[in-house]
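Keep the viewer open as you read.

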Amino acid sequence: MKENSRLLLFTGSYASAEDNGVQVYAFDGEAGGTLKLLDSVQGIANPTFVNVDTAKNRLYAIGEKLNRDGIKEGEVVTLAIDPQTGSLTELNRIATMPASEAGQTTTCHINRDAAGEVIVVCSYHGGLVGLLSTDADGTPVRLTDTAVHTGKGTVPGQEKPHPHSAVFSPDERFLFVSDLGLDLIRTYRVNREAGTLEVQGEIKVEAGAGPRHFVFHPDGKSAYVINELNSTVTSFLYDSESGALKTAVTVPTLPDDYSYKNNGCAEIAFSADGRFLYGSNRGHDSIVVYAVNAETAELTLIEHVSTRGGHPRHFTVTPDGEYLIVANRDGNNLVVFSLDQATGRLTYTGNEAKTSKPVCVKPAVFPA
(Lines give C-alpha, C1' and ligand atoms only; values in the text may rest on other atoms or scores of the structure.)
Protein backbone atom coordinates (compact mmCIF):
# COMPACT_ATOMS: atom_id res chain seq x y z
CA MET A 1 0.00 0.00 0.00
CA LYS A 2 1.14 3.56 -0.71
CA GLU A 3 2.80 5.58 2.00
CA ASN A 4 0.67 8.16 3.80
CA SER A 5 -2.43 6.03 3.34
CA ARG A 6 -4.45 3.69 5.50
CA LEU A 7 -6.68 0.76 4.74
CA LEU A 8 -10.06 0.58 6.43
CA LEU A 9 -12.35 -2.45 6.33
CA PHE A 10 -16.11 -1.99 6.46
CA THR A 11 -18.24 -4.98 7.43
CA GLY A 12 -21.93 -5.77 7.24
CA SER A 13 -23.69 -8.54 9.14
CA TYR A 14 -26.90 -10.26 10.03
CA ALA A 15 -28.12 -8.18 12.96
CA SER A 16 -31.15 -6.67 14.60
CA ALA A 17 -31.46 -2.90 14.67
CA GLU A 18 -30.32 -3.02 18.31
CA ASP A 19 -27.05 -4.77 17.39
CA ASN A 20 -23.84 -3.36 15.94
CA GLY A 21 -24.55 -4.39 12.36
CA VAL A 22 -21.90 -2.27 10.60
CA GLN A 23 -18.31 -2.12 11.80
CA VAL A 24 -15.09 -0.38 10.78
CA TYR A 25 -11.61 -1.86 11.23
CA ALA A 26 -8.15 -0.49 10.63
CA PHE A 27 -6.08 -3.03 8.72
CA ASP A 28 -2.29 -3.03 9.10
CA GLY A 29 -0.52 -5.01 6.42
CA GLU A 30 2.90 -3.91 7.62
CA ALA A 31 2.17 -5.62 10.94
CA GLY A 32 1.25 -8.88 9.21
CA GLY A 33 -2.42 -8.24 8.65
CA THR A 34 -3.82 -7.10 12.00
CA LEU A 35 -7.34 -5.81 12.55
CA LYS A 36 -8.31 -3.08 15.01
CA LEU A 37 -11.96 -2.17 15.61
CA LEU A 38 -12.54 1.57 15.20
CA ASP A 39 -16.32 2.00 15.18
CA SER A 40 -19.64 0.17 15.22
CA VAL A 41 -23.08 1.32 14.14
CA GLN A 42 -26.48 0.32 15.50
CA GLY A 43 -29.91 1.06 14.13
CA ILE A 44 -29.83 -0.87 10.84
CA ALA A 45 -31.59 -4.23 10.54
CA ASN A 46 -29.60 -6.82 8.60
CA PRO A 47 -27.04 -4.59 6.82
CA THR A 48 -25.78 -7.61 4.91
CA PHE A 49 -24.03 -5.74 2.09
CA VAL A 50 -22.17 -2.43 1.97
CA ASN A 51 -20.51 -0.24 -0.65
CA VAL A 52 -17.77 2.36 -0.12
CA ASP A 53 -17.24 5.64 -2.01
CA THR A 54 -13.78 6.91 -1.03
CA ALA A 55 -14.06 10.06 -3.19
CA LYS A 56 -17.09 11.29 -1.24
CA ASN A 57 -16.26 9.55 2.07
CA ARG A 58 -19.56 7.71 2.01
CA LEU A 59 -20.62 4.23 3.10
CA TYR A 60 -23.86 2.78 1.76
CA ALA A 61 -25.47 -0.07 3.69
CA ILE A 62 -28.59 -1.99 2.78
CA GLY A 63 -31.11 -2.53 5.55
CA GLU A 64 -34.68 -3.65 6.02
CA LYS A 65 -37.80 -2.33 7.69
CA LEU A 66 -41.50 -3.15 7.99
CA ASN A 67 -44.03 -1.16 6.02
CA ARG A 68 -47.42 -0.19 7.41
CA ASP A 69 -48.78 -3.63 6.54
CA GLY A 70 -45.99 -5.41 8.38
CA ILE A 71 -44.21 -6.59 5.19
CA LYS A 72 -40.44 -6.33 4.95
CA GLU A 73 -38.96 -3.93 2.43
CA GLY A 74 -35.46 -2.69 1.72
CA GLU A 75 -33.77 0.58 2.51
CA VAL A 76 -30.40 2.21 1.88
CA VAL A 77 -28.61 3.94 4.74
CA THR A 78 -25.95 6.53 3.86
CA LEU A 79 -23.18 7.14 6.40
CA ALA A 80 -20.37 9.70 6.37
CA ILE A 81 -16.87 8.26 6.89
CA ASP A 82 -14.23 10.10 8.88
CA PRO A 83 -11.06 8.60 7.34
CA GLN A 84 -8.87 9.76 10.21
CA THR A 85 -10.84 8.14 13.01
CA GLY A 86 -12.82 5.55 11.07
CA SER A 87 -16.02 6.80 12.67
CA LEU A 88 -19.37 6.66 10.87
CA THR A 89 -22.23 9.16 11.07
CA GLU A 90 -25.64 8.46 9.59
CA LEU A 91 -26.72 11.05 7.03
CA ASN A 92 -29.79 9.64 5.38
CA ARG A 93 -31.94 6.58 4.82
CA ILE A 94 -34.32 5.96 1.96
CA ALA A 95 -36.68 3.11 1.08
CA THR A 96 -35.65 1.24 -2.03
CA MET A 97 -38.51 -0.83 -3.49
CA PRO A 98 -41.93 -0.73 -1.80
CA ALA A 99 -43.21 -4.08 -0.56
CA SER A 100 -46.63 -5.31 -1.60
CA GLU A 101 -49.07 -8.11 -0.94
CA ALA A 102 -46.94 -10.19 -3.30
CA GLY A 103 -44.20 -10.35 -0.69
CA GLN A 104 -41.13 -8.73 0.76
CA THR A 105 -38.66 -6.64 -1.24
CA THR A 106 -35.65 -6.68 1.05
CA THR A 107 -32.35 -6.34 -0.80
CA CYS A 108 -29.23 -8.51 -0.79
CA HIS A 109 -26.73 -6.46 -2.82
CA ILE A 110 -25.83 -2.81 -3.44
CA ASN A 111 -23.53 -1.28 -6.03
CA ARG A 112 -22.93 2.10 -7.66
CA ASP A 113 -21.18 3.60 -10.65
CA ALA A 114 -17.69 5.07 -10.25
CA ALA A 115 -18.97 8.65 -10.13
CA GLY A 116 -21.58 7.80 -7.54
CA GLU A 117 -24.39 9.14 -9.73
CA VAL A 118 -26.56 6.02 -9.53
CA ILE A 119 -27.02 3.18 -7.07
CA VAL A 120 -28.32 -0.27 -7.95
CA VAL A 121 -29.89 -2.72 -5.50
CA CYS A 122 -31.07 -6.31 -5.97
CA SER A 123 -34.06 -7.86 -4.21
CA TYR A 124 -33.54 -11.61 -3.95
CA HIS A 125 -36.99 -12.25 -2.50
CA GLY A 126 -38.81 -9.71 -4.63
CA GLY A 127 -37.26 -10.67 -7.98
CA LEU A 128 -36.48 -6.99 -8.58
CA VAL A 129 -33.59 -4.71 -9.53
CA GLY A 130 -33.83 -1.11 -8.38
CA LEU A 131 -32.12 2.00 -9.77
CA LEU A 132 -31.70 5.02 -7.48
CA SER A 133 -30.50 8.52 -8.31
CA THR A 134 -28.13 10.47 -6.03
CA ASP A 135 -27.45 14.13 -5.36
CA ALA A 136 -24.11 15.93 -5.73
CA ASP A 137 -22.99 14.67 -2.31
CA GLY A 138 -23.69 11.06 -3.24
CA THR A 139 -26.83 10.77 -1.13
CA PRO A 140 -29.59 8.57 -2.63
CA VAL A 141 -32.57 10.71 -3.60
CA ARG A 142 -35.23 8.44 -5.05
CA LEU A 143 -35.99 5.20 -6.82
CA THR A 144 -36.18 6.01 -10.53
CA ASP A 145 -36.85 2.57 -12.00
CA THR A 146 -37.50 -1.06 -11.08
CA ALA A 147 -36.70 -3.98 -13.37
CA VAL A 148 -38.99 -6.95 -12.75
CA HIS A 149 -37.72 -10.49 -13.37
CA THR A 150 -40.26 -13.24 -14.06
CA GLY A 151 -40.18 -17.03 -14.42
CA LYS A 152 -38.60 -19.86 -12.46
CA GLY A 153 -35.78 -22.36 -12.64
CA THR A 154 -35.56 -26.14 -12.45
CA VAL A 155 -34.48 -27.11 -8.92
CA PRO A 156 -35.58 -26.33 -5.34
CA GLY A 157 -34.67 -22.76 -4.49
CA GLN A 158 -35.58 -21.62 -7.99
CA GLU A 159 -39.36 -21.38 -7.62
CA LYS A 160 -39.14 -17.72 -8.67
CA PRO A 161 -36.54 -15.14 -9.80
CA HIS A 162 -33.72 -14.29 -7.40
CA PRO A 163 -31.51 -11.40 -8.61
CA HIS A 164 -28.42 -11.65 -6.42
CA SER A 165 -25.92 -9.08 -7.69
CA ALA A 166 -25.52 -6.24 -10.19
CA VAL A 167 -22.08 -5.43 -11.61
CA PHE A 168 -21.08 -2.69 -14.05
CA SER A 169 -18.84 -3.45 -17.01
CA PRO A 170 -15.39 -1.80 -16.74
CA ASP A 171 -16.49 1.06 -19.01
CA GLU A 172 -19.89 1.22 -17.24
CA ARG A 173 -21.81 0.99 -20.51
CA PHE A 174 -23.56 -2.16 -19.30
CA LEU A 175 -24.88 -3.63 -16.06
CA PHE A 176 -24.87 -7.39 -15.48
CA VAL A 177 -27.42 -8.91 -13.09
CA SER A 178 -26.96 -12.51 -11.93
CA ASP A 179 -30.32 -14.18 -11.29
CA LEU A 180 -29.95 -17.29 -9.13
CA GLY A 181 -33.56 -18.32 -9.67
CA LEU A 182 -33.56 -18.12 -13.46
CA ASP A 183 -30.05 -19.47 -14.20
CA LEU A 184 -29.11 -16.44 -16.24
CA ILE A 185 -27.13 -13.24 -16.35
CA ARG A 186 -29.21 -10.39 -17.74
CA THR A 187 -27.53 -7.38 -19.34
CA TYR A 188 -28.95 -3.89 -18.87
CA ARG A 189 -28.04 -0.46 -20.08
CA VAL A 190 -28.59 2.41 -17.64
CA ASN A 191 -30.36 5.28 -19.36
CA ARG A 192 -29.11 8.09 -17.17
CA GLU A 193 -31.26 10.80 -18.72
CA ALA A 194 -34.47 8.86 -18.23
CA GLY A 195 -33.33 7.12 -15.04
CA THR A 196 -34.30 3.70 -16.37
CA LEU A 197 -32.90 0.19 -16.78
CA GLU A 198 -33.08 -1.07 -20.37
CA VAL A 199 -32.67 -4.79 -21.12
CA GLN A 200 -29.94 -5.51 -23.69
CA GLY A 201 -29.77 -9.31 -23.57
CA GLU A 202 -29.01 -12.31 -21.40
CA ILE A 203 -27.00 -15.51 -21.27
CA LYS A 204 -27.94 -18.78 -19.61
CA VAL A 205 -25.75 -20.93 -17.38
CA GLU A 206 -26.29 -24.64 -16.69
CA ALA A 207 -29.77 -25.55 -15.46
CA GLY A 208 -29.84 -25.60 -11.67
CA ALA A 209 -26.52 -23.76 -11.36
CA GLY A 210 -27.83 -20.68 -9.53
CA PRO A 211 -25.52 -17.80 -10.56
CA ARG A 212 -24.82 -15.55 -7.58
CA HIS A 213 -21.89 -13.11 -7.81
CA PHE A 214 -20.15 -11.91 -10.97
CA VAL A 215 -16.75 -10.35 -11.59
CA PHE A 216 -14.74 -9.01 -14.53
CA HIS A 217 -11.09 -9.84 -15.12
CA PRO A 218 -8.92 -6.74 -14.55
CA ASP A 219 -8.15 -6.59 -18.28
CA GLY A 220 -11.88 -6.40 -19.07
CA LYS A 221 -11.77 -9.18 -21.67
CA SER A 222 -13.46 -11.93 -19.66
CA ALA A 223 -15.95 -12.34 -16.82
CA TYR A 224 -16.73 -15.03 -14.22
CA VAL A 225 -19.76 -16.03 -12.17
CA ILE A 226 -19.86 -18.28 -9.12
CA ASN A 227 -22.88 -20.59 -9.12
CA GLU A 228 -24.33 -21.12 -5.66
CA LEU A 229 -26.54 -24.15 -6.21
CA ASN A 230 -24.25 -26.57 -8.09
CA SER A 231 -20.91 -25.28 -6.74
CA THR A 232 -19.27 -24.26 -10.00
CA VAL A 233 -17.65 -21.25 -11.63
CA THR A 234 -18.52 -20.35 -15.22
CA SER A 235 -16.23 -18.13 -17.26
CA PHE A 236 -17.09 -15.99 -20.27
CA LEU A 237 -15.24 -14.14 -22.97
CA TYR A 238 -16.51 -10.57 -23.14
CA ASP A 239 -17.15 -8.32 -26.14
CA SER A 240 -16.95 -4.81 -24.70
CA GLU A 241 -18.43 -3.24 -27.84
CA SER A 242 -21.68 -5.21 -27.86
CA GLY A 243 -21.76 -6.18 -24.19
CA ALA A 244 -22.13 -9.84 -25.17
CA LEU A 245 -20.83 -12.75 -23.10
CA LYS A 246 -19.67 -16.04 -24.65
CA THR A 247 -19.42 -19.07 -22.36
CA ALA A 248 -15.89 -20.43 -22.07
CA VAL A 249 -15.70 -23.11 -19.34
CA THR A 250 -17.48 -24.31 -16.20
CA VAL A 251 -15.40 -25.87 -13.41
CA PRO A 252 -16.25 -27.27 -9.95
CA THR A 253 -15.41 -25.37 -6.78
CA LEU A 254 -15.20 -28.50 -4.64
CA PRO A 255 -12.87 -31.50 -4.29
CA ASP A 256 -14.11 -34.62 -6.07
CA ASP A 257 -14.98 -36.33 -2.80
CA TYR A 258 -17.30 -33.58 -1.51
CA SER A 259 -20.92 -33.33 -2.73
CA TYR A 260 -22.29 -30.04 -4.00
CA LYS A 261 -25.54 -30.98 -2.22
CA ASN A 262 -23.79 -30.16 1.07
CA ASN A 263 -22.43 -26.83 -0.17
CA GLY A 264 -23.49 -23.41 -1.42
CA CYS A 265 -21.05 -21.02 -3.08
CA ALA A 266 -21.01 -17.31 -2.29
CA GLU A 267 -18.32 -14.78 -3.24
CA ILE A 268 -15.84 -14.58 -6.14
CA ALA A 269 -12.85 -12.24 -6.55
CA PHE A 270 -9.56 -11.82 -8.41
CA SER A 271 -6.04 -11.32 -7.24
CA ALA A 272 -4.86 -7.76 -7.87
CA ASP A 273 -3.02 -8.74 -11.06
CA GLY A 274 -5.76 -11.03 -12.40
CA ARG A 275 -3.58 -14.14 -12.48
CA PHE A 276 -5.63 -15.94 -9.82
CA LEU A 277 -9.33 -16.30 -9.05
CA TYR A 278 -10.87 -17.10 -5.65
CA GLY A 279 -14.30 -18.42 -4.65
CA SER A 280 -15.93 -19.31 -1.33
CA ASN A 281 -17.61 -22.60 -0.41
CA ARG A 282 -20.18 -22.61 2.40
CA GLY A 283 -20.46 -26.14 3.72
CA HIS A 284 -16.99 -27.24 2.70
CA ASP A 285 -16.00 -23.94 4.36
CA SER A 286 -13.10 -23.21 2.06
CA ILE A 287 -11.65 -20.82 -0.46
CA VAL A 288 -10.99 -22.40 -3.85
CA VAL A 289 -8.02 -20.98 -5.77
CA TYR A 290 -7.63 -21.12 -9.56
CA ALA A 291 -4.95 -20.01 -11.99
CA VAL A 292 -6.47 -17.95 -14.80
CA ASN A 293 -5.64 -18.03 -18.49
CA ALA A 294 -6.60 -14.48 -19.39
CA GLU A 295 -6.71 -15.18 -23.13
CA THR A 296 -9.08 -18.17 -23.02
CA ALA A 297 -10.79 -17.66 -19.62
CA GLU A 298 -9.80 -21.22 -18.69
CA LEU A 299 -9.33 -22.04 -15.01
CA THR A 300 -6.87 -24.46 -13.41
CA LEU A 301 -7.35 -25.59 -9.81
CA ILE A 302 -4.51 -24.72 -7.43
CA GLU A 303 -5.85 -25.51 -3.95
CA HIS A 304 -8.66 -25.45 -1.40
CA VAL A 305 -7.95 -23.60 1.86
CA SER A 306 -10.02 -23.88 5.05
CA THR A 307 -11.60 -20.58 6.04
CA ARG A 308 -11.20 -21.44 9.74
CA GLY A 309 -14.85 -20.70 10.39
CA GLY A 310 -18.26 -21.78 9.12
CA HIS A 311 -20.23 -20.32 6.22
CA PRO A 312 -17.79 -17.94 4.44
CA ARG A 313 -20.45 -15.75 2.84
CA HIS A 314 -18.03 -13.09 1.67
CA PHE A 315 -14.33 -12.25 1.39
CA THR A 316 -12.10 -9.59 -0.10
CA VAL A 317 -8.61 -9.18 -1.51
CA THR A 318 -6.83 -6.08 -0.23
CA PRO A 319 -6.07 -3.45 -2.91
CA ASP A 320 -2.31 -4.12 -2.70
CA GLY A 321 -2.98 -7.79 -3.44
CA GLU A 322 -1.11 -9.03 -0.37
CA TYR A 323 -3.98 -10.31 1.80
CA LEU A 324 -7.34 -12.04 1.58
CA ILE A 325 -9.85 -11.55 4.40
CA VAL A 326 -12.80 -13.89 4.92
CA ALA A 327 -16.09 -13.11 6.68
CA ASN A 328 -17.34 -16.35 8.28
CA ARG A 329 -20.98 -15.93 9.27
CA ASP A 330 -21.21 -19.02 11.46
CA GLY A 331 -17.64 -18.71 12.72
CA ASN A 332 -18.41 -15.17 13.95
CA ASN A 333 -15.00 -14.08 12.76
CA LEU A 334 -12.96 -12.23 10.17
CA VAL A 335 -9.91 -14.31 9.21
CA VAL A 336 -6.81 -12.90 7.52
CA PHE A 337 -4.71 -14.86 5.01
CA SER A 338 -1.55 -13.72 3.30
CA LEU A 339 -1.64 -14.07 -0.48
CA ASP A 340 1.46 -15.23 -2.34
CA GLN A 341 1.33 -13.07 -5.45
CA ALA A 342 3.66 -15.42 -7.35
CA THR A 343 1.67 -18.62 -6.76
CA GLY A 344 -1.79 -17.40 -5.68
CA ARG A 345 -1.68 -19.61 -2.59
CA LEU A 346 -3.09 -18.54 0.76
CA THR A 347 -1.52 -18.85 4.22
CA TYR A 348 -3.30 -18.22 7.51
CA THR A 349 -1.65 -15.29 9.29
CA GLY A 350 -2.96 -16.07 12.76
CA ASN A 351 -4.86 -12.77 12.76
CA GLU A 352 -8.60 -12.77 13.33
CA ALA A 353 -11.31 -10.49 14.67
CA LYS A 354 -14.33 -11.81 16.55
CA THR A 355 -17.59 -10.26 15.38
CA SER A 356 -21.20 -11.42 15.21
CA LYS A 357 -22.41 -12.99 11.93
CA PRO A 358 -20.26 -11.05 9.44
CA VAL A 359 -21.38 -11.52 5.83
CA CYS A 360 -19.71 -8.68 3.92
CA VAL A 361 -16.25 -7.14 4.10
CA LYS A 362 -15.19 -4.21 1.90
CA PRO A 363 -11.73 -2.57 1.90
CA ALA A 364 -11.02 1.08 1.07
CA VAL A 365 -7.80 3.13 1.03
CA PHE A 366 -7.82 6.66 2.48
CA PRO A 367 -5.13 9.29 3.06
CA ALA A 368 -3.43 8.75 6.42
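Buried here means under 20% relative accessible area, with exposed being over 50% and partly exposed in between (1.4 Å probe, protein chains only). Strands are DSSP runs (E, at least two residues) and helices are runs of H or I with at least four, numbered from the N terminus.

A word on the model itself: it is predicted, so local features need pLDDT of at least 70 and side-chain atom pairs count only at pLDDT 80 or more, while totals for chains, interfaces and linings use all residues. Residues are numbered from 1 along each chain as its sequence is written, and side-chain values use heavy atoms, with hydrogens and water left out.

Back to S8, which runs antiparallel to strand S9 (residues 118-123), joined to it by four bridges. Two strands pair if DSSP finds at least two bridges between them. Asn111 has Val120 of S9 as its bridge partner. The S8 and S9 hairpin has five residues between the strands, and Gly116 there takes a positive phi near 70°.

## The chain as a whole

How many helices and strands does the protein chain have? There are zero helices and 28 strands. The radius of gyration is 19 Å, close to the 21 Å that the globule rule gives for 368 residues, so the chain is as compact as a globular protein of that length. That radius is taken over C-alpha atoms, and the globule rule is 2.2 Å times the number of residues to the power 0.38. The C-alpha trace spans about 50 × 45 × 40 Å along its principal axes. Of the 368 residues, 56% count as buried.

## A four-stranded sheet

Further along sits an open sheet of four strands, in the order S24-S25-S26-S27, with antiparallel pairing. S24 and strand S27 (346-354) are at the edges with a single partner strand each, so one side of each has no neighbour in the sheet. From one strand to the next, the twist averages 20°; axes are lines fitted to C-alpha atoms (for helices over the stretch in contact), and angles run from 0 to 180 degrees between N-to-C directions. Strand S26 (residues 333-339) pairs with S27 in the antiparallel sense over six bridges. Phe337 has Tyr348 in S27 as its bridge partner.

## Two loop residues with positive phi

Most residues other than glycine have a negative phi. Ala297 has a positive one, near 65°. It is in the loop between strand S22 (286-293) and strand S23 (298-306), and Ala297 is buried, with a relative accessible area of 0%. His311 also has a positive phi, near 60°. His311 is in the loop between S23 and S24 and counts as buried at 16% relative accessibility.

## Pockets and the cavity

On a 1 Å grid over the protein atoms alone, a cavity is a set of points where a 1.4 Å probe fits but cannot get out, while a pocket is an open set with protein on both sides within 12 Å along at least five of seven lines; lining residues have an atom within 4 Å of a point. Grid points are joined across faces, edges and corners, and a volume is the space filled by probe spheres set on the points.

| Space | Volume |
|---|---|
| Largest pocket | about 1,200 Å³ |
| Second largest pocket | about 370 Å³ |
| Largest cavity | about 30 Å³ |

The largest pocket is lined by 37 residues, and the closest to its centre are Asn51, Asn111, Val167, Val215 and Lys362. Among the elements giving two or more residues to this lining are S8 and S24. The lining divides into 21 nonpolar, 11 polar and five charged residues. Here Ala, Val, Leu, Ile, Met, Phe, Trp, Tyr, Cys and Pro count as nonpolar, Asp, Glu, Lys and Arg as charged, and the others, Gly among them, as polar.

For the second largest pocket, 21 residues form the lining, with Tyr14, Cys108, Tyr124, His125 and Arg313 nearest its centre. Strand S5 (residues 58-66) gives the most to that lining, with three residues.

The largest cavity is lined by Phe49, Cys108, His164, Arg212, His213, Arg313, His314 and Val359.
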